[in-house]
Amino acid sequence: MTEAATQLSETLFALLQKETFCLLGTTDAETGGPAANAISWIYAVNPATLRFAVDQRSRIISNVNTNSTVNVTLFGGGTVNVVYGHAKVIKNELEEVPFKLSCMDIEISFVRDAMFYGARISTEPEYEKTYDKRAAAKLDNQVFSAMRKA
């Protein structure tokens, strides 16, 4: 395990310039317990800020509005990294997207390598879209374009 950093490394920043599978951890607004969600509409605005989009009906929004402390678990570079920070809604509705998404920024507090000693990730998690591939690619392009304008 390595020392915590206060921003993304070059490797993580590069990883977060394209669609990336990760886990977003929040505190549940109702129970106060941990909540986890898989997301992929996320990218690094700069080494100190992450931006992501979620459906406006997502519990993530009420969770963040109640407690802004979040973490993002990323699999890349042969390891597991956890980014800790504070999230806030920066745009209630993204324009030029066919359904209602909210956009949030995470101000990074610190980044830690969370992989246990003496091991490395040999195969990173993969996923595939289970609906029309062209429609998925078009939607992804619309969402990332709108997020960059937010």
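The model is predicted, so local features need pLDDT of at least 70 and side-chain atom pairs count only at pLDDT 80 or more, whereas totals for chains, interfaces and linings use all residues. Residues are numbered from 1 along each chain as its sequence is written, and side-chain values use heavy atoms, with hydrogens and water left out.

**The sheet as a whole**
- An open sheet is formed by 7 strands in the order β2-β1-β5-β6-β7-β4-β3, with antiparallel pairing (strands are DSSP runs of E with at least two residues, numbered from the N terminus, and two of them pair if DSSP finds at least two bridges between them).
- Because β2 and β3 (42–46) stand at the edges with a single partner strand each, one side of each is left without a neighbour in the sheet.
- From one strand to the next, the twist averages 35° (axes are lines fitted to C-alpha atoms, for helices over the stretch in contact, and angles run from 0 to 180 degrees between N-to-C directions).

**Strand β1 and its partners**
- Strand β1 (residues 22–27) runs antiparallel to strand β2 (residues 34–39), and 6 bridges join them; in the hairpin of these strands, which has 6 residues between them, Gly32 takes a positive phi near 80°.
- β1 also pairs with strand β5 (residues 69–76) in the antiparallel sense, over 4 bridges.
- Gly25 has Ala36 as its bridge partner in β2, and Gly25 stands opposite Asn71 in β5.

**Strands β6 and β7**
- Strand β6 (residues 79–91) pairs with strand β7 (residues 101–113) in the antiparallel sense over 10 bridges, and the bridge partner of Lys88 in β7 is Asp105.

**The helix on the sheet**
- Helix α2 (residues 59–66) packs on the sheet, touching β1, β2, β4 (49–55), β5, β6 and β7, and its direction makes about 50° with that of β1 (helices are DSSP runs of H or I with at least four residues, and contact means heavy atoms within 4.5 Å).
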